[in-house]
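Okay, everyone, thanks for coming. Let me put the structure up and then walk you through what holds the inside together.

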Amino acid sequence: MNEPSPPLAGRREWIGLAVLLLPLLLVSMDVSVLYFAVPFISADLAPTATQQLWIFDIYGFVLAGLLITTGALGDRIGRRRLLMIGAAAFALTSAAAAYAGSAEALIAARALLGIGGATLMPSTLALIRNMFHDAKQRATAIGVWTSALTFGIALGPILSGLLLEHFWWGSVFLINVPFMLLLVALAPLLVPESRRVSRGRFDLLGAALSLAAVLPVIWGVKEFAAEGDVRFAGAAVVVGLAFGAAFLHRQRTSPDPMIDLALFRGRAFSGAVTVNTLAMFALVGFAIFTTQLLQTVWGMSPLEAALWSLVPSLGVGAVALVAAGLAQRGVPRNRLVATGFLIALTGFAAMTLVGADSPLWTLMACAALYACGLVVVMSLSTELILWAAPPERAGAASALSETASEFGGALGMAVLGSIGTAVFRAHLDVPAGLPAEAADTARETLAGAAVVAGGTPGPVGEALFASARTAFMSGLHAAAVAAAVLMVLAAALALLTLRGGEPDRAAAPAAGCPPEPAGAEPGSPAGSVPPPAPRPAVGEAAQDTTAAV
């Protein structure tokens, strides 16, 4: 007997998707929105060097550390409810950040913004999983979600630059408030509630262990990328891994764990998480090189560089939708993901031909190639992650996907950045006659060499900057080769691990996992399912029975 086809999403669901993109864009933009605001914040609040670092990093640290906890919490209390709570908190803390009167207050507000962001990102993806039951429509929705996430990160510096030309630095935070309030108003009307039925208590110890595992590892990787200090960074990673082992033990022994570790026994889920991590590794890890090339080597202003950085991302939305369409037409997803990696490989390989005097279009073409290829990987792997997880665990699965992406991005910055820095230092030729302290500064980074060269008049400064440009391009090429090799390995991994993972063959929940009881309230008997709703008429939205909750 053939199972009935899943209901199709209608106009309400698609408008609801547009509403869900609001928090996604703002949360992803907040990762990069401070790029231009730092000089203004420094002039107003006079933060120390350490405080300035924390103003930048605390948001991402808290966001990454709480994703698993908030994903599991949303599964329990309701993903829409958590989304609205997070949106209200994000609006309030954005206002607090905008009017912060000291560096300490701004750091605290940024930490609270990270908490709000952690509630929003997994909630949006989990709600998409439960709004779009048809595999083809869900693939399209996830492609739009992935494109919005990528576009938001690129849009952050541009929005920041435009606001700072006309308003004070607090405007980069205050812009969040009206959009979050709009989300709070529209979500109850357009986004159906969904939750997991569970009588067990929320695992507070597991939540603490997950935070203790993620934060030190993320900090250690970023610290190594920024300072190259193996001792402190390595110690932090070891501490995080120890807490990670304790967290996994807790999940294995808990009667109602935050994460169902059985998910990782399936190749589709574990393989999709891995390739998604590798895609973020390459995408985020290489971004620092293109930014420095535009600003320091080619001398663009920050806003001009940000505008050009947006160009390669303009086509990623269309590419993600094309990949989803090909998957629905029967092209195996493992081959599509592998093809995405190979397209990215082409872009990274072409990057080795870009020189300090190359025309701008060559960089744009190379960046567009690897960005489009990696977005194909991210959209299809995200779809596979949500398909492989049962609907009642959609929030936790989404959080795992986002946490893996954070790890991948941080690790990419550390590894590719370290490769580029090592090659830069090996190839930099410091002219004779430069003071020892200035020479040491020049050897640290391209930016340091540019500052020293700018402050050194005559042929010595010109020779130093010319050598720094050449050395930086050598480091960029080495990082591109490393990324290209990784793309080959990732393509092979995708072909092997994602074979047979086809959501369109099973639009219903994964085998052995019953459908999520629509409309179930916390505390109701597990497995109690309301009477089936009448099948919607043609053209009507297939609405969740809890839409009015």
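Quick term before I start: when I say contact, I mean heavy atoms within 4.5 Å. Now, this is a predicted model, so to speak about local features we need pLDDT of at least 70, and side-chain atom pairs count only at pLDDT 80 or more, while totals for chains, interfaces and linings use all residues. Numbering runs from 1 along each chain as its sequence is written, and side-chain values use heavy atoms, with hydrogens and water left out.

Take Phe341. Skipping its neighbours within four places in sequence, Phe341 is in contact with Val275, Ala279, Gly373, Leu374, Val377, Met487, Ala490, Ala491 and Ala494.

Phe341 is also, with Phe348, Met351 and Leu374, among the residues with the most contacts inside the largest nonpolar core, which has 82 residues. A nonpolar core here is a set of buried Ala, Val, Leu, Ile, Met, Phe, Trp, Tyr and Cys residues joined through side-chain atoms within 4.5 Å; buried means under 20% relative accessible area, exposed over 50%, partly exposed in between, using a 1.4 Å probe and protein chains only. Helix H11, residues 267–297, gives the most to this core, with 16 residues. There's a second, separate core of 57 residues, including Ala111 and Phe173.

Stepping back, the protein chain has 19 helices and zero strands, counted as DSSP runs from the N terminus (helices are H or I, at least four residues; strands are E, at least two). Of its 549 residues, 55% count as buried.

And cysteines? Cys366 has 7% relative accessibility, so it counts as buried.
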